[in-house]
Amino acid sequence: MSHQSKRYLMYVAQNYSYAMLRPLQATIREQGGDVRWFIEGNEANPSYIKADETLLTSVEAVKAWRPDIVFVPGNVVPNFIPGIKVGVFHGFNSGKRARNGHFQIRGCFDLYCTQGPNTTERFEQLALEHGYFRVAQTGWPALDPLFSPIIDNPYKAPDDERPTVLMCSTFSRNLTCAPVLFDKIKGLAAAGKWRWLIQFHPKMDPAIVEQYKQLQNENLQFVETDNVLPLLQAADVMLCDTSSILLMFLLQRKPVVTFRNQIPSGHLLNVTDVEQVESALEQALQRPAALMAEIEQYCQELHPYRDGQSSLRVLAAANQMLADGRAGLKPKPLNLLRQFKMRKKLSYWKL
C-alpha cells in the first residue's frame with residue numbers, strides 16, 4: 001500500500017488534542033497521506049478545525065471513509081471505528097494520579113508510541129503480560145515544534161530585559177497552587193521585577209481564572225490558548241504544582257519551581273511554603289549547575305529526543321504496524337461495558 005492511498009484519522013476528545021496531533025498531520029501530508037479529523041463528545045471545540053482540515057462529523061462518515069490508522073491522544077477509542085488504533089498520549093506521567101494512571105491498559109489500542117525509557121520499559125512489560133498490543137519508543141509528536149524556534153512568538157518581549165516567569169497550574173482541587181499563591185503572585189506582579197505569563201488547565205475553576213485575569217497589567221499577562229508551546233519557549237523559568245506541563249518545560253533544559261509537588265525530586269526546586277516562592281524563583285533563574293545536571297539526567301529518561309522528528313518516528317511505527325498487521329498478537333478484549341459507554345456517548349448502535 002503506497003503512502004498516497006493511506007488514510008489517517010485524528011481522534012479528538014479535548015481541545016488540547018489539536019496541537020498534539022498537528023505535527024503528525026504535517027508529517028503525514030509531507031509523505032502524501034490523507035488526513036481526516038473526528039471529534040468525540042462535546043468537550044472539544046469544532047471551531048479549532050482549520051480551513052485546510054477536514055472534519056468527519058459522524059461515525060457513519062468515519063466508517064464510510066475507512067481510515068487505515070487512527071491516532072488517539074486520549075485513553076480510549078471505540079472498536080467500531082475502523083483502522084489500527086495508535087495511542088500517542090495526552091501528556092507525560094506526572095505522578096498526579098495513582099502511580100499507574102499513565103500505565104492503565106484499557107484494551108483499545110494495537111500500538112502505543114512511547115515518549116522515552118521511563119514509559120517504554122513499563123509498557124513493554126505490559127505488552128508481554130497482555131499480549132494484544134505492540135510498543136514503539138518514538139518520542140512525543142506534540143513536542144516537535146518545541147524544538148524549532150517560533151518566528152514572531154507573541155509571548156516574547158524582545159525589548160523587555162526582565163526575566164519571564166510562566167505560572168501554570170492543574171485544575172485538581174487538592175493539587176492546584178493557583179488559589180494558594182494568588183496573593184503572592186499579586187504582590188510579585190505589582191513589584192514588577194519579573195514579567196509574568198499565566199496559563200491554567202482548561203478545566204480550572206472559572207472563579208480562579210477570573211481572579212487572575214483581574215491581575216493583568218504591564219507586568220502580567222493571562223493567556224488562554226490551545227497551544228502552550230509558544231508560552232514554554234517564551235519563559236525563562238516556570239512556577240507550577242503537579243501539572244504534567246512542567247515536564248514539557250523541563251525538556252527545554254529550563255528550571256521549574258514547584259509548589260507542594262506530589263513527588264518532589266532533584267530535577268525540581270520544590271517549596272512547601274508560600275514565602276519560599278520568590279527566593280526559589282531567584283535561585284532557579286541562576287541555573288545552578290547541580291540542578292541543571294539533574295534536569296539533564298531526568299530528560300534523558302523522560303524524552304531523550306530533541307530533534308523535532310518524533311512525528312516521523314510515530315508515523316513509521318504506525319505504518320509498520322499496518323504492514324505487519326496483528327500477526328502474533330492475541331485478540332483485544334471485548335471490553336463490553338466500556339464499548340457500551342462509548343456507543344452511548346456517540347449515540348451509535350449499529351453493528
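Buried denotes a relative accessible area under 20%, exposed one over 50%, and partly exposed a value in between (1.4 Å probe, protein chains only). The model shown is predicted, so local features need pLDDT of at least 70 and side-chain atom pairs count only at pLDDT 80 or more, whereas totals for chains, interfaces and linings use all residues. Residues are numbered from 1 along each chain as its sequence is written, and side-chain values use heavy atoms, with hydrogens and water left out.

**View 1. Lys184 and Glu275 form a salt bridge.** A salt bridge is a side-chain nitrogen of Lys or Arg within 4 Å of a carboxyl oxygen of Asp or Glu. The closest N and O atoms of Lys184 and Glu275 are 3.2 Å apart. Lys184 lies in helix α4 (residues 178–191) and Glu275 in the loop between β13 and α8, so the pair ties together parts that are 91 residues apart in sequence. Helices (H or I, at least four residues) and strands (E, at least two) are DSSP runs, numbered from the N terminus. Lys184 is buried, at 16% relative accessible area, while Glu275 is exposed, at 57%.

**View 2. Asp110 and Lys332 meet in a salt bridge (3.2 Å, N to O).** Asp110 belongs to the loop between β5 and β6, and Lys332 to the loop between α10 (310–324) and α11 (336–346), 222 residues apart. Asp110 is buried, with a relative accessible area of 3%; Lys332 is partly exposed, with 25%. Salt bridges that share partners join Asp110, Arg326 and Lys332 into one network.

**View 3. Arg106 is buried yet has no salt bridge.** The nearest side chain of opposite charge (Lys and Arg count as positive, Asp and Glu as negative; His and the chain ends are not counted) is that of Glu40, 11 Å away. Arg106 is found in the loop between β5 (84–87) and β6 (111–114). Leaving aside neighbours within four places in sequence, Arg106 is in contact (heavy atoms within 4.5 Å) with Asn75, Val76, Tyr112, Asn335 and Arg338.

**View 4. An open sheet of 6 strands with parallel pairing has the order β10-β9-β8-β11-β12-β13.** Two strands pair if DSSP finds at least two bridges between them. β10 (220–222) and β13 (269–271) stand at the edges, each with a single partner strand, so one side of each is left without a neighbour in the sheet. Both faces of β11 are covered: Val237 and Leu239 on one side, and Met238 and Cys240 on the other, are all buried.
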